[in-house]
Amino acid sequence: MTTAKGLAGRTGLYGLLVIAAVGALFPMVWLLIGSLQTSSELYRGKDLLPKKPQWSNYTTAWTDGDLGTYLPNSVLYTVAAVAGILIVSSMAGYVLARIEFRGKAAATFGLLAVMIIPAPASFIAQYKLMVTLGLTNSRLGYVLILISAGIPISSLIMRGFFANLPKDLEEAAAIDGSSALNTFARVILPLARPGLIAVAVIQGLAVWNEYLLALVLFDDDTLMPVQRGLMNFVSAETPVQNILLAATAISVVPVVVFYVLAQRQVVQGISSGAVK
């Protein structure tokens, strides 16, 4: 009886997981199918699959959307911003998890408080700061703001991850004569790899999808991220949804590839580094 109940329970669980997986994958499947349809097929909505795949939609999306300019911009911004976030948040998270100092609780509360503020609410202050520093309409200014926006949540995730590591590792390294910085770089960080990858994916998605801040800071269209290319196909007068879907499919390829390669570390990092 127990075995039968256990089997039924596992079957039901697997069934729910399959349904959840199908629901999660459906938007991606619909995106790929729509990107290969003609406009009439897409608007008619009766054809499950395109009668003749329109691979030219991707060529049109690449050229008319100027993705050859915007896509490298997004790659540059994402790599630079995520690298900066990982460096700062890993050190901040380690300090909050391991070092006792006056104002530690206030610092943690400050990080939580910053996360409550909606990003657009700070655009005016950020723009005035960039004007003062002479960094408007520059890649550096844009990346610096992206880094500052990602530090709070990333630091708290890394804090939770470091808190789960045994202190014996640092004590053993200190007995061997290792400095605090050397211990952090050679002992702690390698063990924090899942947490770092989880932060990289979370912040990478946030940076990759960012567009509003770019509109505020950039006057030069050639500095815009890939979302600017997608906006070329959004028009109430001449909608070209099939081309927009093709451009969207191109824009998500780097993110999907990275996530597929790092999915195991992402799950482990998020579960281990949950904010406590």
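A: Let's start with tyrosine 77 and its neighbours. Leaving out residues up to four places away in sequence, tyrosine 77 touches Arg139, Tyr142, Val143, Leu146, Val207, Phe218, Leu223 and Pro225. Please keep in mind that this is a predicted model.

Is tyrosine 77 buried or exposed? Its relative accessibility is 1%, and buried means under 20%, so tyrosine 77 counts as buried.

Now look at the rings. In the whole structure, a search finds 7 aromatic pairs. One of them is formed by tyrosine 77 and tyrosine 142, with 4.9 Å from centre to centre and 75 degrees between the planes, an edge-to-face arrangement. This pair links distant parts of the chain, since tyrosine 77 sits in helix H4 and tyrosine 142 in helix H7, 65 residues apart. Tyrosine 142 is buried too, because its relative accessible area is 0%.

Tyrosine 77 has another ring partner, phenylalanine 218. Their ring centres are 6.1 Å apart and the planes meet at 25 degrees, so this pair is stacked. Phenylalanine 218 lies in the loop between H11 and H12, while tyrosine 77 is in helix H4, so the pair ties together parts that are 141 residues apart in sequence. With 3% relative accessibility, phenylalanine 218 counts as buried.

Beyond its neighbours within four places in sequence, arginine 139 is in contact with Asn73, Leu76, Tyr77, Phe218, Thr222 and Leu223. For a sense of distance, arginine 139 and isoleucine 175 are 36 residues apart in sequence, and their C-alpha atoms are 45 Å apart in space.

Let's zoom out to the core. The largest nonpolar core has 45 residues, and those with the most contacts inside it are Tyr77, Tyr142, Leu146, Phe162, Leu213 and Phe218. Several helices each supply at least two residues of this core, including helix H4 (67–98), helix H7 (139–163) and helix H10 (193–208). The largest share, 10 residues, comes from H7.

For contrast, visit the surface. There, Met28, Leu32, Val256 and Val260 form a nonpolar patch with about 310 Å² of accessible area together. Helix H1 (2–35) and helix H13 (241–272) each supply at least two residues of that patch, and valine 260 is one found in helix H13.

Finally, take in the whole chain. The protein chain has 13 helices and 0 strands. Along its principal axes, the C-alpha trace spans about 75 × 70 × 30 Å. Of the 276 residues, 37% are buried. The chain exposes about 16,000 Å², with carbon and sulfur atoms supplying 69% of that area. Among contacts between residues at least 6 apart in sequence, 75% join residues at least 24 apart.

Methods. Residues are numbered from 1 along each chain as its sequence is written. This is a predicted model: local features need pLDDT of at least 70, side-chain atom pairs count only at pLDDT 80 or more; totals for chains, interfaces and linings use all residues. Side-chain values use heavy atoms; hydrogens and water are left out. Patches are made of residues with over 30% relative accessible area and no salt bridge: like charges are joined within 9 Å, nonpolar side chains (Val, Leu, Ile, Met, Phe, Trp, Tyr) within 5 Å. Accessible areas come from the Shrake-Rupley method with a 1.4 Å probe; for residues, only the protein chains shown count as cover. A salt bridge is a side-chain nitrogen of Lys or Arg within 4 Å of a carboxyl oxygen of Asp or Glu. Helices (H or I, at least four residues) and strands (E, at least two) are DSSP runs, numbered from the N terminus. A nonpolar core is a set of buried Ala, Val, Leu, Ile, Met, Phe, Trp, Tyr and Cys residues joined through side-chain atoms within 4.5 Å. Buried means under 20% relative accessible area, exposed over 50%, partly exposed in between (1.4 Å probe, protein chains only). Contact means heavy atoms within 4.5 Å. Rings of Phe, Tyr and Trp (its six-membered ring) pair if their centres lie within 6.5 Å; planes under 30 degrees apart count as stacked, over 60 as edge-to-face and the rest as tilted.
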